[in-house]
Number of protein chains: 2
Amino acid sequence: MTTTTIPTSNGPTNPLVGALLTDLYQLTMTYAHWRIGKADDPAVFELFFRKNPFGGEYTIFCGLDECLKLLETFQFRDDDIAYLKSTPALKDCEDGFFEYLSKIHVTMAQHLRVSAVAEGTVVFPKEPLITIEGPLGIGHLLETTLLNLVNFPSLIATNASRMVLRAAPIPCIEFGLRRAQGPDGALSASKYSYVGGFVATSNVQAGKIFGIPIAGTHAHSYVQSFSSLDEAAGLTLVNKTTQTKEVFLDAVLEHRKRQHCTTTNDGELAAFVAYACAFPNACLCLVDTYDTLHSGIPNFVCVAKTLDDFGYVPKGVRLDSGDLVALSKGCKAAFDRVVASEPLRTAAFRNLTIVASNDINEATLQGFQLAQQHCLTAFGIGTNLVTCQAQPALGCVYKLVEYKGEPRIKLSEELNKVTLPGRKNIYRLYGKPDKDDTNGNPRPLLDYMTLADEDPPQDGDESILCRDPFRHQHRLRVFPIAAIPLNSVVYESGRVVIAANTTGLYKDDVVPSYLSRTQKYVTKQLSEEFHESVTRYKDLDPIPYDVMVSPKLYDHLHELWEKNAPVPERR
Amino acid sequence: MTTTTIPTSNGPTNPLVGALLTDLYQLTMTYAHWRIGKADDPAVFELFFRKNPFGGEYTIFCGLDECLKLLETFQFRDDDIAYLKSTPALKDCEDGFFEYLSKIHVTMAQHLRVSAVAEGTVVFPKEPLITIEGPLGIGHLLETTLLNLVNFPSLIATNASRMVLRAAPIPCIEFGLRRAQGPDGALSASKYSYVGGFVATSNVQAGKIFGIPIAGTHAHSYVQSFSSLDEAAGLTLVNKTTQTKEVFLDAVLEHRKRQHCTTTNDGELAAFVAYACAFPNACLCLVDTYDTLHSGIPNFVCVAKTLDDFGYVPKGVRLDSGDLVALSKGCKAAFDRVVASEPLRTAAFRNLTIVASNDINEATLQGFQLAQQHCLTAFGIGTNLVTCQAQPALGCVYKLVEYKGEPRIKLSEELNKVTLPGRKNIYRLYGKPDKDDTNGNPRPLLDYMTLADEDPPQDGDESILCRDPFRHQHRLRVFPIAAIPLNSVVYESGRVVIAANTTGLYKDDVVPSYLSRTQKYVTKQLSEEFHESVTRYKDLDPIPYDVMVSPKLYDHLHELWEKNAPVPERR
């Protein structure tokens, strides 16, 4: 394994992300620590979540690239310091504290080390996704920003990946910009939906910044802006068979006459004609402005036949309202009738796209997949994807697990909130391929956490005793054929360092390729490694994947618990 | 009414907001229109929503300030044009189109006029919040960005205002940065929660950018970082009564001894002592790290007594887990016991803050209000507020209502999706104060929409006949004492122009004051104008507020409907 050192980036995508994008209490805590000389004490924090989202049993870890960009450029600027000095909450702080803050980036470069799981990794509750080792004060100052940068990206990538699994093999396109939670709620959604397996976005800015393919055709307002055939009367298009410009509408009206269309809307037809002449190679029409089956589809068929006559391949239609299953069948039936009566049009009409884009979510897709009675060929997904309507927040937390070399535990009256103490490593233990897996992919047996100072588990040499961290009776002896470490150092000595054999290679000028590779990594894990029983829809009772711990970590946890948990008294 | 012209701003808060933050189809549609000379045709678009969020019966309109900043700085830059030319979807477009785009800001300055409702106005379904009058192409190019800039701000301000109503008179603080949908999901949440009535945010960046008060103390990790009393042993604080520095812990331990605390955690006590010495005037301690009632509260009481001895007023405690009602009573009981046994401590212990911050939402607050059995004095609200968990998207849409001077209608198989045609004005009709309203505030009777070329309704002179736009039988004769226009021109001739008598006065260097004034405007409407029956919690069946139309608009709508809706055929 070789490591590479990457030059300084320009910082996070959103320039408002920086040292001040944090909770005030990080500063007040740091001040209380700084005053008594604790701010530079060595500490270890872990970022993790407690529950998989969407009623599912897995999560895609994302946001690491933005976290690294933050680390590389983290600094309190002069105007930040001036603001902090002016705020009532900090006005009594000693001057030395503001000096400490203004030099924090130097301290980070000297003393901070960050480990993380690779971007796009399938992860599970309680696994440390990011581990921060360094001065206690820096641990505080990074907490909120890192959580913000991981929570939504991981949530959206997970949501997207679930929709992609439900829709497969039908491709999904992200259409959520207008309903997203703010401008970079939208940009993050575009970026991490792509990582989760979406093939394109409608968001042009995301296309430019991240190199994601962009898609889209026209809206209802476009169709409404036409009210008569006159508006498209003079439009010409090169007829590829004759190599001459011909008036397009005339040919369309011939087809309309032959089809006996009496109820189709003239404005709509003019709109389609204008669109076909503007984008003859990509003519996809929105057909539900007036009446899908009585106006939109007959109009589109006339235009598509004409494009076919002219030597172009029409692209298809989009449905944005009504009963999508029924309407898609209506569309397909109309196209099939053309093929049946005019076999020469098979190439043009057999593979027309039928995109659905009205209020689709994971449940809808699951319903479509089970019924398999629709004729849709692509899904455009907006609101439910980008706002993660089914669960709009992932609950990543960030906890102190070691302080001055001693493990720390956070107890709670809620057992699920108890933390696993100490700096840890995670390994994914793989077993032999399933018998029915023709690709012969090793399958993940479980994830195994050890304390960082334990030897890594040996591949295949011997069995490993695994324990459930909280259920004493739950033990397993595992015989893995491979034990792959999931976490590695990503930042050290003021620089981003990522092992070149991970998908997490980080370089500003290859962002598109970084995202594509991360997308492939996600797809590979979900389609080739993890069993469908882990990734399936919530109503089908997906099976939890085990995350277990080494006997040493188990003993550690319970020793600290006994020592720190007060025994409640009852009198 | 005087109008002011405001100088050019630096653009939207998030610099990634610009001409490219749009859906691709806006560009493809505009191209299809541009090719046939329609892109410069005069058109009118309206931005509105169809359903109030959160099961409620009102919405707060927000985001206008960012929309105006967008309009002032809207431009396709050279690198934007270069990207568009390079993208496969637009590669066949004629060069003239890209020239058209590169000069679009000049066209906007010449031909675009925008009207809007004032920021912070209580609004209702189908009311035009923003009206765009100008060339058709510009209408397309602004759509997605405006929707993005209005949807989340309005949603979050509405959500916040609902929580504030449920919590009243207890103040609410926004704590959502870590769980928000990305960095400016968080910044928008902080900004518009404040507009909705929240008193402060934990988000330091929001404090700096928007001038919002910031709040916060410490986290569990701070408490965990202390493990013994030695760590706080040497700390001194000036005793205000003796004016000498004294060792704080010694006095605390005296109190602890007297209280017979045997089960409190030493590390926690040390953490509180260090915090008290750092912030003696603002000592608010998180008390649930180990055990709220058996460790956190007794430890806090010892520290608070010592602060009191030293001449400082302790601030209070924060609860972040467990049964908030029961624990708050436990806290209050402990404080009351101090007051009962040591009456001289009344000033310090009678008004201690008890903040709750674990997973609070509108339903929880409603429950608290009904039961009235808790002892909480402030709410810190995060995830449910900032991600609008109960409904994470507002469905604002943007529709063509007039084209080349002719009204346009969008029909749909779903009646709720049919648009009201034509450029419109909205008026809020006020009636006499309710008899039981001691403040004598006029009360809104209903909102009344007219076509823009109708005369405004006359105040008090005569009755007004109002019609429901879709229910023929639903008519009302209204006798208002005032008819206040809700919409006014906000952008014209390339500049932002806002009437000085609205709350919407827009000036970059007074953003804090702009937000405060908007907050006051929201509060006034909800607490003094609209009846509780409109604003109450969903389970209490709030009553829909009427939005009606003039007879002329009604006739217009139905004429267009008859003309454009195809009669479905059945054979």
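**A walk through the model**

Visitor: In β14(B), what is the bridge partner of Ile173(B)?
Guide: This is a predicted model, and in it strand β7 of chain B, residues 172-174, pairs with strand β14 of chain B, residues 378-381, in the parallel sense over 3 bridges. Within β14(B), the bridge partner of Ile173(B) is Gly380(B).

Visitor: Which strands of chain B are the edge strands of the open sheet of 6 strands?
Guide: The open sheet in chain B runs in the order β8-β7-β14-β13-β12-β11, with parallel pairing.

Visitor: Is Ile170(A) buried, partly exposed or exposed?
Guide: Ile170(A) sits in the loop between α6 (136-167) and β7 (172-174) of chain A. Leaving aside its neighbours within four places in sequence, Ile170(A) is in contact with Leu376(A), Thr377(A), Ala378(A) and Phe379(A). A residue is buried with 20 or more other C-beta atoms within 10 Å of its own and exposed with 12 or fewer; because Ile170(A) has 17 such neighbours, it counts as partly exposed.

Visitor: How many Å apart in space are Ile170(A) and His531(A), C-alpha to C-alpha?
Guide: Along the sequence, Ile170(A) and His531(A) are 361 residues apart. In space, taken from C-alpha to C-alpha, the separation between Ile170(A) and His531(A) is 20 Å.

Visitor: Which helix supplies the largest share of the side of domain 1 of chain A that touches domain 2 of chain A?
Guide: Chain A is divided into domain 1, made of 3-163 + 391-564, and domain 2, made of 164-386, and their centres, taken over C-alpha atoms, are separated by 42 Å. Between them, 26 residues of domain 1 of chain A are in contact with 26 residues of domain 2 of chain A. On the domain 1 side, α6 and α17 (511-529) of chain A each supply at least two residues, and the largest share, 10 residues, comes from α6(A).

Visitor: By class, how many nonpolar, polar and charged residues has the side of chain B that touches chain A?
Guide: Where the two chains meet, 93 residues of chain B are in contact with 92 residues of chain A. The largest share of the chain B side, 9 residues, comes from helix α1 (residues 24-35) of chain B. Sorted by class, the side of chain B that touches chain A has 43 nonpolar, 34 polar and 16 charged residues.

Definitions and conventions
Residues are numbered from 1 along each chain as its sequence is written. Chains are lettered from A and ligands numbered from 1 in the order in which they are written. This is a predicted model: local features need pLDDT of at least 70, side-chain atom pairs count only at pLDDT 80 or more; totals for chains, interfaces and linings use all residues. Two strands pair if DSSP finds at least two bridges between them. Helices (H or I, at least four residues) and strands (E, at least two) are DSSP runs, numbered from the N terminus. Two residues are in contact if their C-beta atoms, placed from the backbone, lie within 7 Å. Domain bounds come from an automatic or database domain assignment. Ala, Val, Leu, Ile, Met, Phe, Trp, Tyr, Cys and Pro count as nonpolar, Asp, Glu, Lys and Arg as charged, and the others, Gly among them, as polar.
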